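Here is a short tour to follow in your viewer.

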Amino acid sequence: MLRVPALELVLRPMPPGRVEGTFPFDRPVHVVTAHNPGATHLDDDENAARQARLDADLDARGLTHWRTVAGAEDGAHAEAGALVVGLDDDAARALGVAWGQDAVFRWSREAWTVLACDDAAPVDLGWRVA
C-alpha cells in the first residue's frame, strides 16, 4: 500500500491488468526511497536523514514530488519515500541506484510497475485508488 498524505491518496496493488480509480497525473510518475539501502536495515533516524537528503536532491533538480509512506496493510512495515513527477524510467532507476535501492516503482494509467535497478525485467501489477 502506498499513501500520499498531501494528495489524500491511498494506492493499493491489485492483480495484473486490474485498474480501479482515476489516475491523477498527465504522465507516469515514479516512487523512490532512500530507506534501507540494499540488505541494510538502518535505524529510524538514519533513514529519516537519508530521506531528507533525497528530498533535497529532488528539490535541487526542480522536480515536483510528494512524501509517501509505503508499507504493509497491517502496518508491520513502512518506509517513507517520494512520488516524483518528471522522471523517465532510466532516470528513476538511476536515482534508485544512487540511493542503494534494488527497485523503484512506476505508476501509470495501465499499471503499478516494479522497476528493478539492475537488468531484471519489470513486473506489472494492477492498482486501485482507495
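The lining of the largest pocket divides into 13 nonpolar residues, ten polar and two charged. Here nonpolar covers Ala, Val, Leu, Ile, Met, Phe, Trp, Tyr, Cys and Pro, charged covers Asp, Glu, Lys and Arg, and polar the others, Gly among them. This is a predicted model, where local features need pLDDT of at least 70, side-chain atom pairs count only at pLDDT 80 or more, and totals for chains, interfaces and linings use all residues. Residues are numbered from 1 along each chain as its sequence is written, and side-chain values use heavy atoms, with hydrogens and water left out.

Next, select Val-31, Thr-33, Ala-70, Glu-79 and Phe-105: of the 25 lining residues, these lie nearest the centre of the pocket. Then colour β2 (9–14), β4 (29–32), β5 (65–71), β6 (78–84) and β7 (103–107), which each supply at least two lining residues. Strands are DSSP runs (E, at least two residues), numbered from the N terminus. A pocket is an open set of points on a 1 Å grid over the protein atoms alone, where a 1.4 Å probe fits, with protein on both sides within 12 Å along at least five of seven lines; lining residues have an atom within 4 Å of a point.

Now for the rings: which residues do ring pairs link into a cluster? Select Phe-23, Phe-25, Trp-66, Trp-107 and Trp-127. Rings of Phe, Tyr and Trp (its six-membered ring) pair if their centres lie within 6.5 Å, and planes over 60 degrees apart count as edge-to-face. Zoom in on Phe-25 and Trp-107: their centres are 6.1 Å apart and their planes at 80 degrees, so this pair is edge-to-face. The pair links distant parts of the chain, 82 residues apart, with Phe-25 in the loop between β3 (19–20) and β4 and Trp-107 in strand β7.

Key:
Helices (H or I, at least four residues) and strands (E, at least two) are DSSP runs, numbered from the N terminus. Rings of Phe, Tyr and Trp (its six-membered ring) pair if their centres lie within 6.5 Å; planes under 30 degrees apart count as stacked, over 60 as edge-to-face and the rest as tilted.
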